[in-house]
Amino acid sequence: MENQKSLQLEKVTYDDKIVKAFVLAMLTFAGVAFLAGLLAALQLAYWPFNMNLEWITFGRLRPLHTNAAIFAFAGNAVFAGVYYSTQRLCKTRLFNDTLSWLHFWGWQAIILSAAITLPLGYSQGKEYAELEWPIDIAIAVIWVVFAVNFFGTLAKRKEKHIYVAIWFYIATILTVAMLHIVNSIEYPVSFMKSYPVWAGIQDALVQWWYGHNAVAFFLTTPFLGLMYYFIPKAVNRPVYSYRLSIVHFWALIFLYIWAGPHHLLNTAMPDWAQTLGMVFSVMLWAPSWGGMINGLLTLRGVWHLIRTEPIVKFLVTAVTFYGMSTFEGPLLSIKSVNNLGHYTDWIIGHVHGGALGWNGFMAFGMAYYLIPKLWRTELHSKSLANTHFWVALLGILLYYISMWASGITQGLMWRAIDVQGNLVYPDFVETVMKIVPLYWIRALGGLLFLIGFLIMIYNVIKTIQGAPANQYDTEVQVPVAVGHDTHPEKGHRKLEGLVTVFSVLSLIAVLVGSVIEIYPTLNLSKYVKEENAVEPYTPLELAGRDIYIAEGCYVCHSQMIRQLPGDVLRYGKASTIEESMYDHPFQWGSKRTGPDLARTGKKYPDLWHYRHMIDPRAVTPKSIMPNYPWLADKSTDFVGLRKKVAVMKALGVPYDDNTLAQADVMAEKQAKEIAEGLKAQGVTQDGLERKQVVALIAYLQSLGQKGKNKGVKDDKAVASSL
Amino acid sequence: MTKQWLAHFNDTQLALFGFLLFFAVFMAVLGWTFRMGAQRQYKKISELPLSDEKNYGENL
């Protein structure tokens with residue numbers, strides 16, 4: 001190169017310290033997430049594993065586990081990988097060191113506050129969005145810090161071209177911001193309590209638009225970016241087809257955002273939206289596999305590295321799991337398959353194929369690559385890394401296969417109908433007992449995964465201990481001229497190089513699907529029929545509902561009877577849109593570890609619920625539902641009810657002025673009636689009327705008992721007349 | 001005209017609209033990646049991860 005001599009060069013020092021910090025944080029929180037997951041798995045196999053502590057009872061532990069896995073483990077992994085690769089691909093140091101560290105400590109503080117508030121029962125009751133409003137604001141702020149730091153780095157880059165990995169990061173940053181903000185629009189009641197502005201089907205659509213795209217844009221696009229960076233690095237050859245990576249990118253981000261409604265198939269959601277979700281989910285299969293093939297074929301000619309290099313083993317297996325999950329996802333989105341799989345453990349298996357196989361193995365592969373490089377040493381033991389791989393893989397397979405078997409068993413048992421048209425297994429607990437052995441196998445799978453991880457931790461500690469004392473950051477020489485291109489091509493304004501244009505286009509791609517997916521919420525009057533409207537919860541029922549949310553009952557119970565014979569026979573007539581029209585947040589649920597509760601009101605007497613809440617096995621001998629003895633000790637917050645009712649009214653729930661002014665008095669009166677009824681039946685407890693269990697009973701007894709359904713005791717009769 | 005269309009707009013058409021939109025985007029992207037000179041440029045970009053810790057000139 002002739003012109004090279006005349007170029008002035010400058011030295012660029014990459015910020016490796018921040019990457020190290022994120023790597024260590026990722027490993028720390030991986031441990032927390034896996035441990036919480038294992039404990040949760042054990043609790044389903046044998047409920048006393050909650051040790052009768054309210055803080056780690058299943059309903060509170062599961063949100064802790066999912067949040068730790070997604071935001072703490074995967075989140076820190078993404079930040080480590082993004083910061084490492086972006087600086088290098090842009091040939092420049094991160095935009096601003098202060099922002100980098102603000103991002104790091106801010107994010108860890110958010111995780112810490114989640115780890116404190118979730119076990120205490122502060123929850124919004126929306127999956128993967130449980131954190132209360134002050135933390136939501138903190139997340140938004142820190143995300144902006146990340147975005148400024150990231151886009152600032154792109155702005156001062158010394159490399160004109162933008163590698164495809166960075167495209168995936170850009171889509172991640174923009175879309176996650178949009179999802180988080182829209183899904184978290186909430187009205188605070190107090191410092192740690194709020195109600196979402198969305199209700200019922202609106203909330204359901206917004207939540208699953210968010211929830212599904214959290215998988216898409218928090219757990220997939222950034223990891224695909226990492227794949228496009230770390231696989232070429234690990235095998236030292238460029239990606240198989242760069243052209244394919246571009247088509248992969250646009251097709252994926254365009255399609256993913258539409259797929260949310262596949263979480264709501266056969267529900268009260270309008271049919272066309274279900275079809276939309278299904279069609280787009282099935283189409284999503286194509287770009288996903290395009291990406292997988294592109295990742296795998298990058299190994300063309302060096303397949304032997306899978307045998308010899310643990311890093312390559314992890315990365316390649318991760319991509320294979322990505323392929324499996326993205327085949328299974330579209331499959332589960334087909335309505336008839338979804339009939340069988342939805343609400344069952346099949347979904348849990350599907351999620352873990354993605355989370356443990358794809359995200360977990362990508363993160364491990366990346367960590368095995370980064371740690372020796374960053375600490376300027378060799379990995380302590382390759383054979384331990386290989387052991388980690390095999391133990392963890394066995395763990396995932398046990399997990400996956402047991403959940404698959406369990407899910408299909410549940411699905412088939414729930415819908416089995418005999419020749420007379422009756423349910424073959426009318427007793428829900430029978431379907432639970434059948435799968436408990438599989439829960440033990442799942443827990444064993446989780447244990448193996450954790451053991452593999454501990455082997456890794458030992459290996460990492462040994463590696464870092466063996467690192468030289470002199471730690472320094474990577475330096476490179478780059479030309480002073482900004483955006484210098486080594487092969488200037490005149491006349492081509494390249495889209496690939498234009499960050500702003502590119503960002504705007506990606507934003508449009510995700511906005512189009514978003515608007516259409518959430519469209520019914522803007523047009524609700526079309527779907528909500530005046531004559532089917534229900535009346536709002538009484539203040540005491542509202543208090544009970546908040547307890548239901550705080551205890552995370554929704555992680556085991558759905559409140560949405562699908563338009564399917566099995567559902568209708570078991571639970572009563574299908575749920576309508578109107579029945580949840582005042583539910584801020586909606587509680588349709590996603591999993592039936594226990595039965596659907598949409599019409600549980602008046603099915604049992606108050607005393608049944610009282611005994612069931614204190615000890616479910618007192619009324620259902622084989623139940624795996626946890627005990628809730630503290631609900632009979634802790635008091636209901638009557639005073640706070642006025643504010644709560646006022647906020648609900650502000651959100652459009654038609655409470656009259658009397659209820660607004662007298663919420664606490666009305667609640668106390670209703671509580672007294674329930675408590676007296678219980679006492680008359682032999683419950684001896686002082687101050688029972690002030691206890692949370694009474695409010696919860698009021699709520700449970702109101703389910704399915706509003707509007708036209710008031711006083712309907714036996715919905716099965718209604719159902720069989722359908 | 002627009003108003004009338006909106007009034008008779010059927011939600012089910014959204015799925016079709018989305019599908020066609022996707023098809024258009026897909027074809028546009030495909031066309032873009034096959035434009036003149038793209039392949040040469042892509043080859044260079046795809047090598048960026050392999051030279052990112054090298055000094056200027058080392059990777060040429």
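Colleague: Start with accessibility: is A:Asp203 buried or exposed?

Modeller: Buried means under 20% relative accessible area, exposed means over 50%, and partly exposed is in between, with a 1.4 Å probe and protein chains only. A:Asp203 counts as buried because its relative accessibility is 0%. Before we go on, some ground rules: this is a predicted model, where local features need pLDDT of at least 70 and side-chain atom pairs count only at pLDDT 80 or more, while totals for chains, interfaces and linings use all residues. Residues are numbered from 1 along each chain as its sequence is written, chains are lettered from A and ligands numbered from 1 in the order in which they are written, and side-chain values use heavy atoms, leaving out hydrogens and water.

Colleague: Which side chain does A:Asp203 meet in a salt bridge?

Modeller: General idea: side chains of opposite charge can pair when their charged atoms come close. The criterion here is a side-chain nitrogen of Lys or Arg within 4 Å of a carboxyl oxygen of Asp or Glu. The partner of A:Asp203 is A:Lys126, at 2.5 Å from N to O. This pair links distant parts of the chain, 77 residues apart: A:Lys126 is in the loop between α3 (97-117) and α4 (133-155) of chain A, and A:Asp203 is in helix α6 (residues 200-217). By helix I mean a DSSP run of H or I with at least four residues, and by strand a run of E with at least two, numbered from the N terminus. A:Lys126 is buried as well, with a relative accessible area of 1%.

Colleague: How many salt bridges are there over all chains?

Modeller: A search of the whole structure gives 31. Take A:Asp271 with A:Lys335, whose closest N and O atoms are 3.7 Å apart. That one also spans distant parts of the chain, from helix α9 (residues 271-297) to helix α12 (residues 335-341), 64 residues apart. A:Lys335 has 25% relative accessibility, so it counts as partly exposed. Then there's A:Lys649 with A:Asp657, at 4.0 Å from N to O. A:Lys649 is partly exposed at 32%, and A:Asp657 is exposed at 57%. Salt bridges can also form a network, as they do for A:Glu54, A:Arg60, A:Glu551 and A:Lys634.

Colleague: Where is A:His342, and what does it contact?

Modeller: A:His342 is in the loop between α12 and α13 (345-374) of chain A. A contact means heavy atoms within 4.5 Å. Leaving aside neighbours within four places in sequence, A:His342 contacts A:His263, A:Ile347, A:Trp414, A:Arg562 and A:Ser590. Its relative accessible area is 7%, so A:His342 is buried.

Colleague: Now the other chain. What is the pattern of chain B along the sequence?

Modeller: Chain B reads α-α-α, with three helices and zero strands. Of its 60 residues, 35% count as buried. Helix α2 (residues 13-33) of chain B has 21 residues and reaches 30 Å from first C-alpha to last, close to the expected 30 Å; the expected span is 1.5 Å times one less than the number of residues. The buried residues of α2(B) are B:Leu14, B:Ala15, B:Gly18, B:Phe22, B:Val29 and B:Thr33. They lie on the same side of α2(B) because they cover an arc of only 95 degrees around the axis, taken from the directions from the helix axis to the C-beta atoms. The face turned away from that buried side carries the exposed residues B:Leu16, B:Leu20 and B:Ala28.

Colleague: And the interface: how much area do chain A and chain B bury between them?

Modeller: The size of an interface is often given as the accessible area lost when the parts come together. Here the sum over both parts, with a 1.4 Å probe, is about 4100 Å², 69% of it on carbon and sulfur atoms. In contact terms, 55 residues of chain A meet 39 residues of chain B. The salt-bridge count between the two chains is one: B:Asp52 with A:Lys233, at 2.6 Å from N to O.

Colleague: Last one: what is the mean pLDDT of chain A?

Modeller: pLDDT is the predictor's confidence in each residue, from 0 to 100. For chain A the mean is 92, and 95% of residues reach 70 or more. Over residues 1-5 of chain A the pLDDT is below 50, and this stretch has four contacts beyond near neighbours in sequence. Residues 717-722 are also below 50, with seven such contacts.

Technical notes:
Buried area = accessible area lost by both parts, 1.4 Å probe.
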